Amino acid sequence: MSAFAPTSPQACIWRDRAEALIAEHRIDGRAFINGQRVSSLGGATFDCLSPIDGRLLGVVARGERADVDAAVSVARQAFDDGRWARQPPAERKRVLQRLAELMIQHKDELALLETLDMGKPIQYSLSVDVPLAARCINWFGEAIDKIYDEIAPTPHTALALIQREPIGVVGAIVPWNYPMLMAAWKLGPALACGNSVVLKPSEKSPLTALKLAELAIKAGLPEGVFNVVPGYGHEAGEALALHMDVDALGFTGSTRVGRKMLEYAGQSNLKRVFNELGGKSAFVVFDDTDSVERAADTVAGSLFFNQGESCNAPSRLLVHESIADEMVARIVAQSSAYQPADPLDPSTVMGALVDEGQLRSVLGYIDVGTQQGARCVAGGAQALADTGGFYVQPTVFDRVDNSMKIAQEEIFGPVLSVIRFKDEAEAIRLANGTPYGLQASVWSQHIDRAHRVARALKAGTVHVNQYDEDDITVPFGGFKQSGNGRDKSLHALDKYTELKTTWIRINGA
Ligand code: NAD
């Protein structure tokens, strides 16, 4: 039974589908190894609860070291015998494109699992998560038979080939905020290059990754090439990251755990580690912006999207003091449009936080913000507590100082910190004044200023007069403690290949 009162016929359709899925025990949480669903070797499981209402969705295999060993072993065998790595690029392309087609054909099922598992609104699972994940797989498949290697400009007596080879077994460890999309950002380039993959999804959102592995087999991916071991970070995740037979680690998650990935590599086989980590992105609005209104609507829309659980959420608004009051008033008015509601209702724009721990953490930051002297001008409290789910009101803090905890640490919830500045130099200093460097945004009609500030900001992506416009064709990743890797674009292929030189002597040339 839904914890929400009926709203629209469309909402009832999604609730009925969810009800059937749960009541008929159709959610399969077993691991996926060597082309098959399997229980964990020790038989351990954990409960998969929905953040929408705290309800049990099913049980999931709790992968441990032995399960990771089994998955890495079949992935290694699959790589070494060349069943995928030695397929012509055009064949790998065909399989990945077929997988992308299947994802779109199973769009409703994947979107429902994503929403039930992590609480995001169904409309975004349908319009953002599934299509972007499918596009990513399709794009890397499409690209792989169009990429050439190099011949070096050597003396006449030699021919030096510089070639990219697949790296081998890739361990992918991903977070819960965009479970399918983050998995696709690793899988697309890793599989396109011919690697085998062992994926460890977050224990908070393992369901779509498991479904993806089933679809990959249907698409024609050979068994053993893509394996999924669900489980906890300190068990399955650590075992994968420490594994001596994993050649590269594609990690997306917190900066705290990213640090551990580097340690695990040092303690084991020096596997290549590519970290995509947290952010505290600055949204900088100068007084020569053409539209305070559009800037305010954009920061609200981008921050409150996905309940604020986005690595690139513009969680610090830096605004010139002369337009700050106007901007804050507009954002506060806008925040009422983002009130949390039933994630299964297609009109909902803000859903549930992923679990009770995340709810407590976000509420804790809200308390600290108030204690440290910031002014809470919108939200600031839990919502919909009687549903049994985990909801927080869209929250805006004004008069924040950049040294406060809410300005320095990633909250990963719908909480905006507004910081006022006097001039360009101060804006740049504040924008760069956190350990992170994932994204930033500059709002100015002055062409020199826009370029000057964009150059001065230490961030992997700087948006100018917009925020969320994005595409698979451009890299995504951070400076400083936001990580070292780049997902998306052709640059992602560098992570999953080794560069080999073959130097051939030509006698008599
Ligand atoms: P997290 O770091 O807690 O967990 C990420 C993954 O690592 C999970 O699968 C988890 O089980 C695993 N893990 C945890 N401890 C581990 C350990 N000791 N050994 C091995 N694996 C371990 O992050 P989260 O809470 O799942 O996700 C939120 C974070 O992800 C935020 O910081 C967010 O900014 C970041 N993120 C970054 C990007 C990006 O592209 N830069 C994208 C999405 C999310």
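Visitor: In this predicted model, which residue of strand 23 is the bridge partner of alanine 160?

Guide: Tryptophan 503 is the bridge partner of alanine 160 in strand 23.

Visitor: How many bridges join strand 6 and strand 23?

Guide: Strand 6 covers residues 158-166 and pairs with strand 23 over 9 bridges. The sense is antiparallel.

Visitor: What is the order of the strands in this open sheet?

Guide: Read the order as 5-6-23, with 3 strands and antiparallel pairing. Strand 5 (150-151) and strand 23 (497-505) are the edge strands, since each pairs on one side only.

Visitor: Now serine 441. Is serine 441 buried or exposed?

Guide: Buried means under 20% relative accessible area. Serine 441 has 0% relative accessibility, so it counts as buried. Serine 441 sits in strand 20, residues 439-443.

Visitor: What does serine 441 touch?

Guide: Leave out residues up to four places away in sequence. Serine 441 then touches Ala282, Phe283, Val284, His463, Gln466 and Tyr467. The serine 441 side chain also reaches the backbone oxygen of glutamine 466, at 2.9 Å.

Visitor: On to the ligand. How many residues surround the ligand?

Guide: There are 29 residues around the ligand. The closest are Val174, Lys200, Glu203, Ser254 and Glu410.

Visitor: Which side chains have an N or O atom by a ligand oxygen?

Guide: Lysine 200 has a side-chain N or O atom 2.6 Å from an oxygen atom of the ligand. For the side chain of glutamate 410, the distance from a ligand oxygen atom is 2.5 Å.

Visitor: How much of the ligand does the protein bury?

Guide: Taken alone, the ligand exposes 850 Å², and the protein buries 92% of that.

Definitions and conventions: Residues numbered from 1 in each chain as written. Predicted model: local features only at pLDDT ≥ 70, side-chain atom pairs only at ≥ 80, totals over all residues. Heavy atoms only, no water. Helix = DSSP H or I, 4+ residues; strand = E, 2+ residues; numbered from the N terminus. Buried < 20%, exposed > 50% of the residue type's maximum accessible area, 1.4 Å probe, protein only. Polar contact = N/O pair within 3.5 Å; in protein donor to acceptor, adjacent residues only side chain to side chain. Contact = heavy atoms within 4.5 Å. Pairing = 2+ DSSP bridges. Near = heavy atom within 4 Å. Areas by Shrake-Rupley, 256 points an atom, 1.4 Å probe, with all protein chains shown as cover.
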